[in-house]
Amino acid sequence: MSPASSRPGRACIIGAGSSGIIAAQVLDAAGVPFDCFEMGSEVGGNWRYDNDNGVSSAYRSLHINTSRQAMEYAAYPMPESLPDYPSHWQIAAYFDDFVDHFGLREKITFRTEVVKVAPADGGGYDVTVRRIGKRSEPETRHYEHVLVANGHHWDPRWPEPSFPGAETFPGVQQHAHYYRTPDELAGKRVVVLGIGNSATDIAVESSRVAKETYLAMRRGAHIVPKFMFGMPTDHLTDSPLARGPLFLQKLGMAAMLRIAQGRVTDYGLPEPDHKVLEAHPTVSDDLLTRLGHGDITVKPNIDRFEGSKVFFTDGSAVEADVVVYCTGYKVSFPFLGDDVVHAEDNHVDLYRRVVSPDHPGLYFIGLIQPIGAVMPLAEEQAHWVAEVLTGRVELPPPAEMRAQIASYDEALRKRYVASKRHTIQVDAHKYRAELRRERKEHARR
């Protein structure tokens, strides 16, 4: 039997969020049998507001920060009737339409948690699942392949170590993961820590209802608007320039930002300690306006707490009722033992950000942080994995995979600001080209 016509062993897909459902669609089209397990009762993962899986981070006002054209699956484009930047409700509806269009819903086992994935004697993996809300014993099934698609924006990372005096602060301390609506901030004195997308969104919302809003940050950031020159910004960056040399990309983006909005320091933000595109961008159309109105006060990093006072590293202090930590997320896999995958400081050794060189048959879909959208890249990853599973493409030897991992890590250190946020960073165009080249160069002859 030729590799192209062989039928691979059954696969397990963990999660039915944006990465899990595209993995399911691609495997289904390739004829790979699979089971997909989802803790919630619906698809959508992080984009399902108040998802009953208990781990969605979506707040009520959330909209995507890449345009719909940049975020859609190639196999099922978003309707042109949607706005340029749809809400989480519209994205969740798109996912519903996607799984129904391809007949995937009945192939997903909902309200089922994967509690353990262990390498099995003789190869493959023993996967233990538990039905949620039912009095049933956990069940263990064997799979030849496991595709991990549980996302990386669900396990909140708090400041480490915690700030001195935080344990005696009489107000509310919460992570952005648990933020839902600005009602809880109305009339309060609010400190938001961070300068990423969630931090700027929450600070802007707070500034409209809170008594006082302070935006504290460890370092400065380049603020990228959602629209420039009358079109979504990523329509401009998704151009031949974006595929050119990095220094030209930096020059082009810096020039467009300077023309469109001037310097961030003109609005009271600190000067970034890095050039544009050397860190994951902060996308906001509203932050600079609220700063210009004086509705948000910029502060440096938190230094300590004394009673209800929050002290900052410049020696200033404010009285606060609420502190919102927008300090990112941990990359974690509670169903995998440290002997299988150890995500120390958000770093995981994966070939092309997908394959575990030490554990054949274990793949990770969507475990990337692109300048751009994850979904089209997860789709590209899924196609590669499907070709590996069906024998159309072979993986290089483990030593070659480890060498690529070391090269990737070295490139990250040179390319991006040192941060736990950038351990899984990729450039969308370059990464897509890498995966396509991988599929072509390692195709079985």
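How many cavities of 30 Å³ or more does a search of the whole structure find? The search finds two. By cavity I mean a set of points, on a 1 Å grid over the protein atoms alone, where a 1.4 Å probe fits but cannot get out; a pocket is an open set with protein on both sides within 12 Å along at least five of seven lines, and lining residues have an atom within 4 Å of a point. Grid points are joined across faces, edges and corners, and a volume is the space filled by probe spheres set on the points.

The model is predicted, with local features needing pLDDT of at least 70 and side-chain atom pairs pLDDT 80 or more, while totals for chains, interfaces and linings use all residues. Residues are numbered from 1 along each chain as its sequence is written, and side-chain values use heavy atoms, without hydrogens and water.

Let me begin with the largest cavity, whose volume is about 50 Å³. Its lining includes V148, H152, F333 and F364. By class, this lining has six nonpolar, four polar and no charged residues. Here Ala, Val, Leu, Ile, Met, Phe, Trp, Tyr, Cys and Pro count as nonpolar, Asp, Glu, Lys and Arg as charged, and the others, Gly among them, as polar.

The second largest cavity holds about 40 Å³ of space. R352, R353, Q404, Y408, V426, Y431 and E434 line it. The elements giving two or more residues to that lining are α9 (398-415) and α10 (428-441); helices are DSSP runs of H or I of at least four residues, strands are runs of E of at least two, and both are numbered from the N terminus. Three of the lining residues are nonpolar, one is polar and three are charged.

I turn now to the second largest pocket, with a volume of about 390 Å³. Of its 19 lining residues, H222, A254, R258, E271 and V276 lie nearest the centre. Which element gives the largest share of this lining? Helix α6 does, with eight residues.

Helix α6 covers residues 246-261, and its end C-alpha atoms are 22 Å apart, which agrees with the 22 Å that its 16 residues should span at 1.5 Å a residue. That expected span is 1.5 Å times one less than the number of residues. Among the buried residues of α6 are K250, M253 and L257, where buried means under 20% relative accessible area with a 1.4 Å probe, protein chains only. After α6 comes G262, with a positive phi near 80°.

Note on methods
Buried < 20%, exposed > 50% of the residue type's maximum accessible area, 1.4 Å probe, protein only.
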